[in-house]
Amino acid sequence: MIGDSAPSTTASIDTALPGDARLLDVERVSKRFVTSEGVITAVDDVSFSIAPGEFVSIIGPSGCGKSTLFNIVGGLVADYDGRVTVAGDVVRGTHPAIGMVFQEESTFPWRTVVENVAFPLEIAGASKEARLERAEHFVNMVGLRGFERRFPAELSGGMRQRVALARTLASEPRILLMDEPFAALDEQTRLLLGDRVLQIQQTLKQTTLLITHNLTEAVQLSDRVLVMTYRPGRLKRVVDIHLPHPRDSEVVSSDAFGHYVAEIWHDLREEASRGIRDDESRVLEGRAKR
Amino acid sequence: MSKSPLKEWMASRIGARSIGAMTVLVLIGMVELAIRAGIVNRFIVPLPSEIIVAIPRIIVEENVLHRFWQTAQEVLWASLLLAGVGIPIGALLHRFSIMRLACETWVGALAAAPIVLMYPLFLVIFGRSATTIVMIGFAAGLAPVILKTLEGLAGTRQVLLNVGRSFKLTASQQFWKILLPAALPTVFVGLKLGLIFAMINIVGVEFLINFGGLGQLINELAERYDLPGTYGAICFVILTSIVFFDTTERLERFLRPGA
């Protein structure tokens, strides 16, 4: 049942949760890059928390520092200001509690589906029998039963991303961190894969942080959407999504869904326009210099 | 619309190989006709039919199978050295950028060097033996193996390395589980190139120092002006090349499935 009543929107950038309700804490994180054009602040003083079992999306225009934030939270970038903690444990480098799903195709082409999914278990030293059994469980979970012995080259883009998702889930992370995992897929596939992600999230009560630039995806999947500004990337607004659970892609036809999308787009449009203007002026400046 | 059976057969592995073999046969037939018609001088290129007739003769009289085995062994040893030394050197150059900066240009220059002309030096060091031939083959094939290994490792997609980092792989696990498998197709290109250079030099040095397998036989047959026999022996060099290429491809498919 989809709630069509007028949604309540929390418009605030105060994302603090009570101490015991926090699993992931991002505190005053900033990241600057030194480039030939000078110092660029990619992420500026961003703070938010995520509670266990919560699904949070970060949405923003291209160039707002979403992926930089993904890399910082995932521990792939070490040189930044601020602090990231998982249940109070400061993240320095990659953290075993955080599992990452990347935007780019990241399956290992030389391994079959089940071998890909078993990879983290192999690294953890599980016996072959145990890891294959466990891997098959996660292969089933992402709906790839029957494709266990196939190689990634034999699968579609959406199936490969599901393999990558299953591989990350097999490491049983406390926090699932996803960077636009379905960005390269068509809209229908993306919606249906969103259903699959929701099912998994509801089954595992998986705490998830999704980085996306897709409005529909953010509202369909999330309990909370954090809207970022165009460069420098700051938190502009936090939107609580009060759509009922369990959810599926049917939710996109509800009035409430449309309201949330419109609400977020209102903020995002301004930022995206700034991004486009900035790109255009940079191109013009570059031409003038030549 | 479904494919016709002929198109399906042509697209299959056996079909493709059969077409390849038939193309070779047609080309041989054309050469035969060109020689018989006087377009090609038969004192320079013998008739393919004469070469075919000469093959049983050189097998019986010139002990060609033994010589083939000698050359194959030299190529095998050179290949093992290429893999066992070239790949680790490529990996070291990838691992230590200072080494890469210091050596990459020199290794590139080595690829273009006419190593075979240094055979007197090798003779002094290793004597007139199979070791000299193997070492020259190895030295000639080393540069492409190093350079392609380096290229393959450096070209590994960052996202795959990030997957490894996200699972907290150690440096050793990152190399054996991700870097090397990802680089294998390029590494094998290097091995095949190295094999080509090694084979050319091995047969060439056998010819030059008149020692060993097929190269020596070609030398002897050429000096006797036995053109069909010479070309027949060259066919066995080609056979050696085919055997090693096929083995390399099978090894690649075994080590890097899913390509």
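A residue counts as buried if 20 or more other C-beta atoms lie within 10 Å of its own, as exposed if 12 or fewer do, and as partly exposed in between, with C-beta atoms placed from the backbone. Keep that in mind for helix α5 of chain B (residues 97–112), which is hardly covered: one of its 16 residues is buried. Helices (H or I, at least four residues) and strands (E, at least two) are DSSP runs, numbered from the N terminus.

The model is predicted: local features need pLDDT of at least 70, side-chain atom pairs count only at pLDDT 80 or more, and totals for chains, interfaces and linings use all residues. Residues are numbered from 1 along each chain as its sequence is written, while chains are lettered from A and ligands numbered from 1 in the order in which they are written.

Let us stay with α5(B) for a moment. From its first C-alpha to its last it reaches 23 Å, close to the 22 Å expected at 1.5 Å a residue; the expected span is 1.5 Å times one less than the number of residues. At B:C103, α5(B) bends by about 45°, the bend being the angle between axes fitted to the seven residues ending there and the seven starting there.

Now turn to chain A. Its domain assignment gives domain 1 (1–97 + 174–290) and domain 2 (105–172), with bounds that come from an automatic or database domain assignment. The C-alpha centres of the two domains lie 26 Å apart. Nine residues of domain 1 are in contact with 10 residues of domain 2, where contact means that C-beta atoms, placed from the backbone, lie within 7 Å. Helix α6 of chain A (residues 187–204) supplies four residues, the largest share of the domain 1 side. By class, that side has seven nonpolar, one polar and one charged residues. Here Ala, Val, Leu, Ile, Met, Phe, Trp, Tyr, Cys and Pro count as nonpolar, Asp, Glu, Lys and Arg as charged, and the others, Gly among them, as polar.

Next, look at A:G157 in helix α5 of chain A (residues 157–170). A:G157 is partly exposed, because 14 other C-beta atoms lie within 10 Å. Leaving aside neighbours within four places in sequence, A:G157 is in contact with A:E105, A:A184 and A:L185.

Strand β6 of chain A (residues 98–101) has both faces covered: A:I98 and A:M100 are buried on one side, A:G99 and A:V101 on the other. Four bridges join β6(A) to the parallel strand β7 of chain A (residues 175–179), and strands pair if DSSP finds at least two bridges between them. A:I98 stands opposite A:I175 in β7(A).

In the loop between β6 and α2 (113–117) of chain A you will find A:F102. A:F102 is buried because 24 other C-beta atoms lie within 10 Å. Beyond neighbours within four places in sequence, A:F102 is in contact with A:A164, A:D179, B:V159, B:N162 and B:V163.

Those last partners lead us to the chain interface. There, 14 residues of chain B are in contact with 19 residues of chain A. On the chain B side, α8 (158–166) and α9 (171–209) are the elements that give two or more residues, and α8(B) gives the most, with six. This side has seven nonpolar, four polar and three charged residues.

Finally, chain A holds an open sheet of four strands in the order β2-β1-β4-β5, with antiparallel pairing. β2 (38–50) and β5 (89–90) stand at the edges, each with a single partner strand, so one side of each is left without a neighbour in the sheet.

How values were computed. Contact = placed C-beta atoms within 7 Å.
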